[in-house]
Amino acid sequence: MVIAQTLLIAPILAALSRQAMEQLWEEYAEQLRSFGAGPWRAVPTLLWDGRFALLTVLLAGFGRASAEVGAVMVVGGNIEGFTRVMTTAIALETSKGDLPLALALGGILMAIVLAVNVAAQLLRGVAVQAGG
């Protein structure tokens with residue numbers, strides 16, 4: 001199931017990361033070349049300067065993976081204690097008609113995603129205040 005979700009979000013992460021790095025390269029290419037930095041020496045600089053954009057890319061991938069039901073159902077099924085994850089449990093409880101439990105599980109999932117996003121924003125804020 002982890003492999004399925006990885007394969008599902010990898011193209012999204014790759015495309016968004018490439019776009020972010022390409023924009024930075026267009027902005028800094030001339031300056032980096034003037035300092036004598038080749039492509040391999042420019043990569044750490046671009047990664048450092050684009051770290052907040054890359055954090056946003058990771059959050060987009062996390063959001064996509066945390067909302068995935070279909071790939072997990074196809075690959076792992078919905079076996080209690082083995083392959084059941086939060087999203088498949090929500091789908092199961094909804095199909096059984098146990099809407100209060102499905103809503104509670106959905107609320108927990110949303111709280112987890114919100115907590116991850118808040119932690120990322122706090123991390124960004126601390127980094128910006130530290131001079132970054």
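A crossing is left-handed if the near helix is turned anticlockwise from the far one by less than a right angle, and right-handed if clockwise. Helices (H or I, at least four residues) and strands (E, at least two) are DSSP runs, numbered from the N terminus.

The model is predicted: local features need pLDDT of at least 70, side-chain atom pairs count only at pLDDT 80 or more, and totals for chains, interfaces and linings use all residues. Residues are numbered from 1 along each chain as its sequence is written, and side-chain values use heavy atoms, with hydrogens and water left out.

**Overall form**

The chain has 6 helices and 0 strands, in the order α-α-α-α-α-α along the sequence. Its radius of gyration, taken over C-alpha atoms, is 20 Å, well over the 14 Å that the globule rule (2.2 Å times the number of residues to the power 0.38) gives for 132 residues, so the chain is more spread out than a compact globule. Along the principal axes, the C-alpha atoms fill a box of roughly 65 × 30 × 20 Å. Of the 132 residues, 27% are buried, meaning under 20% relative accessible area with a 1.4 Å probe, protein chains only. Among contacts (heavy atoms within 4.5 Å) with a separation of 6 or more, 51% join residues 24 or more positions apart.

**Helix pairs**

Two packed helices are described by the angle between their axes and the distance between the axes. Axes are lines fitted to C-alpha atoms, for helices over the stretch in contact, and angles run from 0 to 180 degrees between N-to-C directions.

| Pair | Axes come within | Crossing angle |
|---|---|---|
| α1 (residues 2–34) and α3 (residues 51–66) | 9 Å | roughly 155° |
| α5 (residues 86–96) and α6 (residues 99–129) | 8 Å | roughly 160° |

The angle makes α1 roughly antiparallel to α3, a term for angles over 145 degrees. Their crossing is right-handed. Residues of α1 including Leu8, Ile12 and Leu16 meet residues of α3, among them Leu54, Val57 and Arg64. The residues of this contact divide into 13 nonpolar (Ala, Val, Leu, Ile, Met, Phe, Trp, Tyr, Cys and Pro), 3 polar (the others, Gly among them) and 1 charged (Asp, Glu, Lys and Arg).

Helices α5 and α6 are likewise roughly antiparallel to each other, but α5 passes α6 in a left-handed crossing. Met86, Ile90 and Glu93 are among the α5 residues that meet α6, where the partners include Leu101, Leu105 and Ile112. By class, the contact of α5 with α6 has 10 nonpolar, 3 polar and 1 charged residues.

Methods:
Parallel < 35°, antiparallel > 145°, perpendicular 65-115°, else oblique. Buried < 20%, exposed > 50% of the residue type's maximum accessible area, 1.4 Å probe, protein only.
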